[in-house]
Amino acid sequence: GVVGSFSFDKDHRQMAYFYGLMNDPGQVHVLKQESGKSKSLTRINRNLLNRIDLGKVETHWFTGPAGNKLQGWILKPPGFDARKKYPSILEIHGGPLTQYGYFFMHEFYFLASKGYVVYFCNPRGGRGYGEAHAKAIWGDWGNADYQDIMAWADYVAQQPYIDKDRMGVTGGSYGGYMTVWIIGHTDRFKAAVTQRCVSNFISEWGSSDFNWNFQEELQAGPPFVDLEKYWDMSPMKYIGNAKTPTLVIHSENDLRCPIEQGEQVFVALKSLGLDTEMVRFPDEFHG
């Protein structure tokens, strides 16, 4: 599971904390310091969760292209039948310095309830597996991370219940970046949905509240110093190769990945004559 916020009593003998699981959005637990034992104080939504089929989540370890061990999860839809072939959706996390873990992802269960196999992994560039894993993409976004994600897609495509002709891809923020990167580098996915994406680091530097951080992770100075480096790691450089029908979802008050990032993708795909739509959410922010 995953521990959220926590607090101690005034004597520091007990600690209350928020604890979530893959099949439970979260409960309040208490840990007694002297005994080391903990128990759940709440059973919020348990009556509902006990009677519905969310689908089964499986943990998988696979070997990446660099001989690296990577962790992924496959969520099978409710009423799963191993004799059938299922459409699937590859989910890519944001960050990139975040990670998927053993917590409840409502979006994944919603998609699974519609009959999709949902699969997700922790490629290089994210947290949780050491500094070398996290920094593997610094100054080189779109290389090691793309390789790991595509190796995961290959792994899942080999499962006998996967329909290889109906594989989709989506992600938000950095996951949106990687979704746009993917459609510029391969046409293997039947459809893509990019959410609150980064698409052009050059304009992002001037419009985002995060430009100083991008300089650190891209290992670059401002665009007027390292213009080619920014462009080489921008999905927009490769958008002309896209052939995948793509939905663009963005919020108008996003300060982290301003809406012009999604607009660039939408306009480019429209100009290429691809099947594309853009959904804009007024008054909404990055989250």
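Q: Between which two elements is asparagine 45 found?
A: This is a predicted model, in which local features need pLDDT of at least 70 and side-chain atom pairs count only at pLDDT 80 or more, while totals for chains, interfaces and linings use all residues. Residues are numbered from 1 along each chain as its sequence is written, and side-chain values use heavy atoms, with hydrogens and water left out. Helices (H or I, at least four residues) and strands (E, at least two) are DSSP runs numbered from the N terminus. In these terms, asparagine 45 is found in the loop between strand 4 (38-40) and helix 1 (46-51).

Q: What is the phi of asparagine 45?
A: Most residues other than glycine have a negative phi. Asparagine 45 is partly exposed, with a relative accessible area of 43%, where buried means under 20%, exposed over 50% and partly exposed in between (1.4 Å probe, protein chains only). Although asparagine 45 is not a glycine, its phi is positive, at about 70°.

Q: Where does glutamine 219, which also has a positive phi, lie?
A: Glutamine 219 has a phi of about 55° although it is not a glycine, and at 44% relative accessibility this residue counts as partly exposed. Glutamine 219 lies in the loop between helix 7 and helix 8 (227-232).

Q: Which two residues does a cis peptide bond join?
A: Most peptide bonds are trans. In the loop between strand 7 and helix 2 (106-113), where proline 96 lies, there is a cis bond with an omega of about 0°. The residues joined by this cis bond are glycine 95 and proline 96.

Q: Within what arc do the buried residues of helix 2 fall?
A: The buried residues of helix 2 are Phe108, Tyr109, Leu111 and Ala112. They line one face of the helix, because, seen down the axis and taking the directions from that axis to the C-beta atoms, they fall within an arc of 160°.

Q: Which strands do the buried residues of helix 2 pack against?
A: The face of helix 2 turned away from its buried side carries the exposed residues His106 and Phe110. The buried residues, by contrast, pack against strand 5 (56-63), strand 6, strand 7 and strand 8.

Q: Which residues is lysine 237 in contact with, leaving aside neighbours within four places in sequence?
A: Lysine 237 has its place in the loop between helix 8 and strand 11 (246-251) and is partly exposed, with a relative accessible area of 36%. Contact means heavy atoms within 4.5 Å. Leaving aside those neighbours, lysine 237 is in contact with Trp231 and Asp232.
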